[in-house]
Each structure stands twice: as C-alpha cells, then as structure tokens.
Amino acid sequence: TCCRLEASAIETVGEALHDSDACTVHRARLLHTPSSIFPTGPLALKRIKISNNAAFTRYASECAVLARADHPCIVKPVFFIQDAPCYALVLPLAERGSLSDMLHRDRGAVSTQLPVELVLCYCYDLASALDYIHSQLAMLHRDVKPAN
C-alpha cells in the first residue's frame, strides 16, 4: 500500500542514476522512520520536473494509475511525495538498473547478445504489463522504451 511522504523525510544518496527532461532519479534513504513500519530495502527517488499544469496532470495521473496497479512486472511505489515544489515517487530500487542499462552493459568478449530465451522472457513480461495497463487500467503507456 502506498502513502504520502513529506519531502523532508527522505534524502538522495550519490549522483543521479537517471536525468531527463521529465524527471531525475536518485538512490535514496528514509530519514527518521522506524524500519519496522517502513521498508528498509534500497529505494529510488523519482523526482518529477513540474514546469506547467500539463506536467502536474501527468504526474497526478501516473500516481493514480500506479496506486491501482497490481501486476508483478509493474514497480509499485512505496510513497508519493506531493510537497510543493517537490513532486516525486519513492520506489524500490532496481539494483541491476533498467532494461536499457542491461542492454548497454559490457557483455564480455565472448558474446555481445543476450540469450534468445532471456529476450523472449523480457518481451513476454513487457507485453503482459502493457496488456494489463491497457485492459485493466484503461491507460495507454506513451513512452515505452528500455529505460522505462
């Protein structure tokens, strides 16, 4: 279950993991929170860059959709931050990075391609998640790419 968190209850750790026109993602940790209540695993802070009403509407929509989502291939937020000017999602950190990170990692001298079986698993998981978003949440994902 996801709930709201004040921006002052979390801090970023280290350099940005991702930075785009839409958001910045950092490794993060909770401050002054009892670990018996809140997650103790690694977290990511996805800070949304809100520059106009349309960006805020996209953020609010993403929060609403993710709050309802219940699919094993969709990362569920731990917290939402709506503490102007900070609008963010706190998510479990994907320690191995995004699919894009995996595809661009040095695969060694022997083979530069992922095994076909693994690619098919990723394709199935992606198709399953997109089908769920479309059929169960009545949403259309408009930015499908390995980094997402």
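F56 and Y59 both sit in helix α1, which spans residues 53–68. They are three residues apart, about one turn of the helix. Keep in mind that this is a predicted model.

How exposed is each of the two? F56 is partly exposed, at a relative accessible area of 33%, while Y59 is buried, at 1%.

F56 has a further partner. With Y87 it forms an edge-to-face aromatic pair, 5.3 Å centre to centre and with 80° between the planes. Y87 belongs to strand β6, residues 86–92, and F56 to helix α1, so this pair ties together parts that are 31 residues apart in sequence. Y87 is buried too, with a relative accessible area of 17%; the cut-off for buried is under 20%.

Now the count. The structure holds three aromatic pairs. One of them is F56 with Y59: the ring centres are 6.2 Å apart and the planes stand at 45°, so the pair is tilted. The angle falls between the limits of 30 degrees for stacked and 60 for edge-to-face. Taken together, F56, Y59 and Y87 form one aromatic cluster.

Where is K46 placed? K46 is in strand β4, residues 43–48.

Definitions and conventions. Residues numbered from 1 in each chain as written. Predicted model: local features only at pLDDT ≥ 70, side-chain atom pairs only at ≥ 80, totals over all residues. Heavy atoms only, no water. Helix = DSSP H or I, 4+ residues; strand = E, 2+ residues; numbered from the N terminus. Phe/Tyr/Trp six-rings, centres within 6.5 Å; stacked < 30°, edge-to-face > 60°. Buried < 20%, exposed > 50% of the residue type's maximum accessible area, 1.4 Å probe, protein only.
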